[in-house]
Structure formats: structure tokens, C-alpha cells
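Subject: A structure for you to look at

Hi,

Here is the structure I promised to pass on. Please open it and keep it beside you while you read my notes.

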Amino acid sequence: MQTSNSSWRFIIPSILGVLLFMTPVPVEDGMTIPIAVLSGALQDAVGEAIPGIMTALIVLAALFTLLIKGIRPGFVRHSAFLSALFDVSLFWTIIRVLGAIFAVMTFFQLGPEAIWSDATGGTLLFSLLPVLFSVFLFAGLLLPLLLNFGLLEFVGYSLTKVMRPLFLLPGRSSIDALASWLGDGTIGVLLTSKQYEEGFYTKKEAAIIGTMFSVVSITFCLVVIGQVGLEEYFIPFYLTVILAGIACALIMPRIPPLSGKPDTFINEMPRSSDDEAIPAGYSSFSYGYEQAVKRAGRNRFSETAADGVKNVLDMWLGVIPIVMALGTLALIIAETTPLFQWLGLPFIPLLELLNIPYAKEASETIMIGFADMFLPAILGESIPSELTRFVIAALSVSQLIYMSEVGGLLLGTKIPVSFKDLFIIFIIRTLISLPIIAGIAHLYF
């Protein structure tokens with residue numbers, strides 16, 4: 001009877017998790033997942049209030065961090081969760097304070113317009129953060145359905161023989177990848193971060209998953225290709241993005257900076273060579289099922305509810321202030337300086353070698369994608385060449401690391417990647433993806 005109960009404790013929550021996070025459903029703009037539908041419904045219901053709520057939360061995060069760094073009260077020292085949330089390093093304290101300053105200036109339109117305009121702080125506070133607010137609420141509360149009831153144990157042992165040789169990853173990482181591709185990269189980052197903190201991924205594995213598989217959703221890809229006026233090419237566009245993404249995921253874990261990350265867990269312990277071994281007498285499927293049932297049997301629903309609340313608070317108070325600070329800084333640089341245009345100049349010879357029309361104009365869009373993924377499509381929509389617009393759109397999605405969302409989120413988590421790492425990874429992804437995308441573009445135009 002106990003085994004039967006544990007089986008149902010694995011099966012029912014896991015099915016609910018798959019339905020919510022990985023089952024495509026049709027919507028007006030294309031396909032998405034139920035979590036995104038719930039997120040959109042919340043934004044429609046209280047959207048106008050969310051920027052004010054976010055400003056208050058960002059300010060509270062900064063104030064609590066300063067207070068706890070100064071006083072270090074006992075109730076914080078004795079709580080692992082509160083210590084991890086508020087007792088952060090000096091660098092992250094400064095970033096949180098900067099995020100609070102930017103949020104207040106943007107919400108009340110104070111100070112230089114370069115900080116709070118619609119193209120800089122306004123993009124973050126009024127466009128991105130409302131999405132993150134609602135996504136983090138539902139994803140944070142419901143992620144335990146994927147994490148706590150055995151689904152990852154089951155998939156992990158079943159798919160390790162595929163994921164490990166190809167991408168140097170455990171099988172459970174396939175869940176992160178699917179959640180990103182079908183849902184949103186932010187959900188993939190959140191899922192990866194929680195598994196890393198709980199000791200399921202090594203530093204190297206978490207860095208690979210966060211920078212290789214936290215891709216934008218199918219829905220957002222529709223928005224990007226629509227921005228450059230090539231909606232009728234969506235299928236070849238998306239297949240191109242998939243091909244470029246797989247190429248990056250095959251190559252980059254084997255070269256620096258990802259290859260140099262320690263293959264140790266968050267507690268500095270190394271992964272044992274038999275961590276993923278299947279005992280004699282079992283198939284990968286049967287052993288994965290047995291481990292999943294054991295995991296589900298150990299779980300308590302009260303702990304699951306508490307984990308969900310902690311997830312939400314961790315993302316609202318720990319990650320969103322960093323996204324506000326770093327995203328705003330990146331967009332200010334993009335909007336007020338020619339830095340990204342200068343950084344794009346070295347790509348002109350490569351674009352000309354690949355026979356991309358309007359190479360100079362295209363080069364100006366390449367590096368600005370590091371600030372925000374949507375900016376290349378906005379800048380490139382007026383370029384006359386359809387081939388060039390196709391390349392710009394596909395490359396902006398394939399570059400993956402952009403500071404206004406995925407990059408800022410990664411820096412806000414405990415996943416061991418630095419700003420320098422992200423910039424280098426962005427450049428390498430660009431160099432790998434561009435020839436692939438250009439080659440396919442020449443087949444269609």
C-alpha cells in the first residue's frame with residue numbers, strides 16, 4: 001500500500017507539472033504553456049499596479065540588505081534562507097541599492113531622462129518586470145511539482161545516456177531545456193538555479209545549462225520575426241535557431257570558459273563517477289522509476305508549499321533588483337553611447353565574407369543584443385534586405401545572453417558565471433551561430 005501511495009505521489013504531481021510547464025497550448029499569438037497563460041492573465045488583471053509593486057519590492061530588498069548587513073540580527077543568522085537572501089556580498093549590496101535608485105527614478109520620472117526613458121529604465125520597469133513578477137509568482141509556487149515529486153529522478157536516469165555524451169550533462173537537464181524552449185528562458189534559469197542550490201548539478205553543469213539551454217520561448221520568437229516583417233518565414237527561422245542552438249550546446253561545454261568551470265557541487269564535493277550508474281538487474285527506465293517513487297515518498301506537501309513561497313521571495317527580492325540595475329545600465333549604454341556600434345565594427349569583414357547585404361548596418365545590431373535581445377530586431381527592421389533581416393532576427397535569438405533578462409537573471413542567481421564569462425559566451429555563441437544562420441539564409445533568399 002505504501003509503495004502504491006508513493007507511486008501516485010510521483011505520478012499525479014509530475015503530470016500536473018508537465019501539463020503546466022511543458023505542454024504547448026494555442027493562444028492568439030501562437031503557442032505557449034499554461035504557466036505563461038496564468039502569468040498573462042495576472043498581468044491583464046493587475047498590470048497597471050505591478051510597476052509600483054515592483055518598485056516597492058526592489059526598495060525593500062535594498063533596505064533589508066543594508067539593515068541586515070549593518071546589524072546582522074540573530075533571527076537572520078539562524079535562518080539559512082534569510083541569510084542567503086539578504087546577507088550578500090558588498091558588490092551585490094551595491095547592485096541592489098543601484099536597482100532601487102533606478103526603480104524609484106523610473107517610476108516617478110526623476111533625474112536624467114536617460115535613466116528613466118521608455119528605451120532604458122522604462123523598458124525594464126514597465127515592460128519586463130511585470131512579466132517577471134507574474135512568471136516568478138506562478139513558476140516559483142508551482143516549480144516544486146517538477147522538483148520535489150520524482151520527475152527529475154525519473155527523467156534523469158532515463159535520458160542520461162543521451163544528454164551526457166552530447167552535452168556533458170545529466171539527463172534531468174532535459175527538463176530545464178524543455179521548460180525554456182516551450183515556456184520561457186526565465187523559467188529555465190529558475191529551474192536550473194534551484195537544482196544547483198539543492199545539489200543536483202555541479203557548478204560546470206549549472207553554468208552550461210544556464211548559458212546554453214535557457215532560450216527564449218516559441219511565442220517570443222514569433223514576436224521577433226514579426227518585428228522584422230518576415231512572419232511567413234517563421235518555420236525556417238525557428239528551425240535555424242534550433243540548429244544554431246544545438247551547435248553551440250555541442251561545442252561550447254568543451255571549450256573555455258565553460259570547460260574550465262569546476263565539476264564540483266555547491267558544497268565543493270566532486271561528482272562521483274557512479275552517480276548516474278544503473279545497478280545490475282535494472283533498466284534505466286525501471287531504476288529511474290524506482291528512484292522517483294522513493295523521492296516522492298519522502299516529500300511532504302507542507303514542505304513543498306514552503307519551498308514554493310521561498311522560491312517566489314528569492315526571485316522577487318533577490319533577482320529582480322539585479323535585473324533592474326544591470327538591465328538599465330546596459331540599455332543606457334546602448335542608447336546614449338556608440339559603444340555597441342564600435343564593438344560591431346570587427347564583424348563587418350565577417351559579414352561581407354558571408355555575403356550579407358548591408359554589412360555595416362547589420363554589424364551595428366550584433367553587439368547590442370548583449371544589452372537586450374529585442375534591440376537588434378528593432379534596429380534592423382528598416383534594412384531593405386530580407387536576407388539580412390532574417391540573419392539579424394535569428395542571430396539575436398541564438399545569442400541567448402542578454403543583460404536585460406537572461407544575463408541579469410544568471411548573475412542574480414548562485415550559478416557560477418561572472419559578467420566576464422557571459423560576455424565571452426555571448427561572443428562565442430555569435431561566432432558559432434552566424435555562419436550557420438547565414439548559410440541557411442542564403443538557401444531561402
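Predicted model: local features only at pLDDT ≥ 70, side-chain atom pairs only at ≥ 80, totals over all residues.

Let's start with serine 385. You will find serine 385 in the loop that joins helix H21 (375-380) to helix H22 (386-399). Is serine 385 buried or exposed? Its relative accessibility is 13%, and buried means under 20%, so serine 385 counts as buried. The side chain of serine 385 has a polar atom 3.3 Å from the backbone nitrogen of leucine 387, and the side chain also reaches the backbone nitrogen of threonine 388, at 3.2 Å. Leaving aside residues up to four places away in sequence, serine 385 touches Pro357 and Tyr358.

Next, have a look at helix H10 (residues 151-167) and helix H16 (residues 284-298). Their axes come within 7 Å and cross at roughly 160°. Angles over 145 degrees count as roughly antiparallel, so H10 and H16 are roughly antiparallel to each other. Their crossing is right-handed. On the H10 side, the residues that meet H16 are Glu153, Phe154, Tyr157 and Ser158; their partners in H16 include Phe285, Tyr289 and Arg295.

Finally, the record. An unreviewed UniProt entry lists several spans as "transmembrane region", among them 49-68 and 128-155. In the model, residues 49-68 are 95% helix and 0% strand, with end C-alpha atoms 28 Å apart. For residues 128-155, the span is 86% helix and 0% strand, and the end C-alpha atoms lie 32 Å apart.

Enjoy exploring!

Best wishes

Conventions
Residues numbered from 1 in each chain as written. Heavy atoms only, no water. Helix = DSSP H or I, 4+ residues; strand = E, 2+ residues; numbered from the N terminus. Buried < 20%, exposed > 50% of the residue type's maximum accessible area, 1.4 Å probe, protein only. Polar contact = N/O pair within 3.5 Å; in protein donor to acceptor, adjacent residues only side chain to side chain. Contact = heavy atoms within 4.5 Å. UniProt positions renumbered as here; feature names shortened; annotations may be inferred. Axes fitted to C-alpha atoms, helices over the stretch in contact; angles between N-to-C directions. Parallel < 35°, antiparallel > 145°, perpendicular 65-115°, else oblique. Left-handed = near helix turned anticlockwise from the far one by under 90°.
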